[in-house]
Amino acid sequence: MAHTRWYKDRVFYQIWPRSFFDGNGDGFGDLIGVYEKLDYIQSLGCDGIWFSPLYPSPGADCGYDISDYMDIDALYGGMEAFKKVLDGAHERGMKVIMDLVVNHTSDEHEWFQKSRRRIAPYTDYYIWRPALPGGKLPNNWDSQFEGKAWQWDEVRQEYYLHLFAVKQPDLNMDNPLVREEVRKILRFWLEQGVDGFREDVITFISKKDGLPNDYLMPVVRGISHYNHGPRVHDYLREFQQELKDHDTFTIGEAPLVAPGLALDYIDEADGQLDTMIQFQCMGADCVLTDYLPLPFSLRRLKRAFGQWQTKLRGRAWNMLYLENHDHPRVISRYGSEKYRVESGKALACAYLFQQGTPFVYQGQEIGMTNWRPAKAIDYEDVQTRWHYENFLAGFLPDRLRLKWCHRSSRDSARTPMQWSAEENAGFTTGTPWFHVNENYRSINVADQENDPNSLLNFYREAIRLRKGLRVVREGSYVDHKPFSGSLYVYSREWQGEKLLVICSFVERPVKFEAPQGFEMIYGRLILSNYGSQLDGNGFITKPYECRVYHFGG
């Protein structure tokens, strides 16, 4: 089957199902709720859905610890509800992609339970090592979430590797039987009718032979020995074989990757994936991790955007995003809660008119902000809890540790979706599984639906425009003010058609002068968050002002 590259013309909506919408009143988001909201998603202009994991899971990492890859958790309604949603999406012309999480499983997965008991053929499905003399760990690697990367198992009397939570043991992808299990998973979901896969930390699946100590990285030791490991491309090519007869869309999640290395995975000539979730655009206010914060730098953000736009052009396709389930809310990070609507619109313009396939995360389109609980115990996320109790405890008092978590926790992206000003934000008629952000009375879908100036309707218009402008899909990219710490000004150009995007990232007024080749009197203002006044060939920006001008075409 020829690959039609249909994903290049789509806008995806990411659903984190537990917090999206509760359709049966038990307090948990579910697929019944998703089905009820398909028309809402379509109204945004989104014609694709990425589901974070829906599989059975004990919930140690909110679904990313999977105990059965070939089923849908009863919490979400089971396979019957999934098929209803899948059919409903397809009837609306929408594509559906699933999360493929195969670097690790839950420790409650049947494979692990048999592996720890050395039951064939599962004995070597995971990465086991005996203790070194004196009971020492097999190496000095750190996990991403919970301390060291090794956990002693009393049943097997060996350590197992877990790059994430203790209850997420890493699969041994060097075992061909494990790789065949992955192929079975792909075949199963393709037979159900799904349209592709977002492949979780897929660049971690091949570990360096011998699992040597890491003396290069001062934090998260080991990552230089398992990120982009020695056989990762071979394994991805094996998985790719299962997709060759299907017109699918595959996205690889790839921490610590720059465009040059990304091309090894996503070059359209010989890559194994269609596009990549890179983390550089999430590094404008931190280093390596959200828990090592820095002041926000627009220059750093623009540099990341620009490198991916220019270095992939003509060779590979970008995945565009500013929010997902793994990061705090972007308005609270890169924008302004004081100017929430204005900065939310500027952020939308900053990424939606670049070349690539955009993703909108649930709640992003209404400007949901960070959640700030009064007590650390209110956090659910395993990563947040570990950082509060361990990493941050080493150098911060309680009050500052909590403030640090307010800034960095993934739980801010996981509070229930704010549908209305009714009780529980209209998310559920029962008791919500997790805390609802207290600002739901002023930030919700219902209030924004009929407000023509709302952030929600701005997203709708921006998505409508990008889909109607060929220059957005095909055009070249130029950053006209790479050294400005206040303005992001970029253009797109294709066959005589031009787009000029101007976004202020500051509250104070800034003088904007149009770059050479863009006479403003010949441009048509097609989107803005304030108005259209000009002073010659420029204007003085208002707080977080954004404008999009179209020339020619």
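This is a predicted model: local features need pLDDT of at least 70, side-chain atom pairs count only at pLDDT 80 or more; totals for chains, interfaces and linings use all residues.
Visitor: How do you know whether α11 and α15 are parallel or antiparallel to each other?

Guide: They pack at an angle of about 15°, with axes 10 Å apart; angles run from 0 to 180 degrees between N-to-C directions, along lines fitted to C-alpha atoms over the stretch in contact. Angles under 35 degrees count as roughly parallel, over 145 as roughly antiparallel, 65 to 115 as roughly perpendicular and the rest as oblique, and α11 and α15 are therefore roughly parallel. Contact (heavy atoms within 4.5 Å) involves, among others, Val341, Ala348 and Leu352 of α11 and Phe458, Ala462 and Ile463 of α15. The residues of this contact divide into ten nonpolar, one polar and two charged.

Visitor: What term describes the packing of α8 against α9?

Guide: Helix α8 (residues 259–266) and helix α9 (residues 298–312) pack at about 45°, with their axes 10 Å apart. That makes α8 oblique to α9. Pro259, Ala262, Leu263 and Ile266 of α8 meet Gln307, Trp308, Lys311 and Leu312 of α9, a contact that divides into six nonpolar residues, one polar and one charged.

Visitor: How do you know whether α12 and α13 are parallel or antiparallel?

Guide: Helix α12 (residues 382–391) and helix α13 (residues 398–408) pack at about 155°, and they are therefore roughly antiparallel to each other. In this contact three residues are nonpolar, one is polar and three are charged.

Visitor: Why are β14 and β18 said to stand at the edges?

Guide: Two strands pair if DSSP finds at least two bridges between them. Five strands form an open sheet, in the order β14-β15-β16-β20-β18, with antiparallel pairing. β14 (476–479) and β18 (524–528) each have a single partner strand, so one side of each is left without a neighbour in the sheet. Neighbouring strands of this sheet are turned by 20° against each other on average, direction ignored. For β18, four bridges join this strand to β20 (residues 546–551), and leucine 525 stands opposite tyrosine 549 in β20. Helix α11 (residues 340–352) packs on the sheet, touching β15, β16, β18 and β20, while helix α15 (residues 455–468) lies across β18 and β20.

Visitor: What term describes the ring pair of tyrosine 7 and phenylalanine 249?

Guide: The structure holds 41 aromatic pairs. In this one the ring centres are 4.4 Å apart and the planes at 5°, so the pair is stacked: rings pair if their centres lie within 6.5 Å, and planes under 30 degrees apart count as stacked, over 60 as edge-to-face and the rest as tilted. The pair links distant parts of the chain, 242 residues apart, with tyrosine 7 in the segment before β1 and phenylalanine 249 in strand β8.

Technical notes. Residues are numbered from 1 along each chain as its sequence is written. Side-chain values use heavy atoms; hydrogens and water are left out. Helices (H or I, at least four residues) and strands (E, at least two) are DSSP runs, numbered from the N terminus. Ala, Val, Leu, Ile, Met, Phe, Trp, Tyr, Cys and Pro count as nonpolar, Asp, Glu, Lys and Arg as charged, and the others, Gly among them, as polar. Rings of Phe, Tyr and Trp (its six-membered ring) pair if their centres lie within 6.5 Å; planes under 30 degrees apart count as stacked, over 60 as edge-to-face and the rest as tilted.
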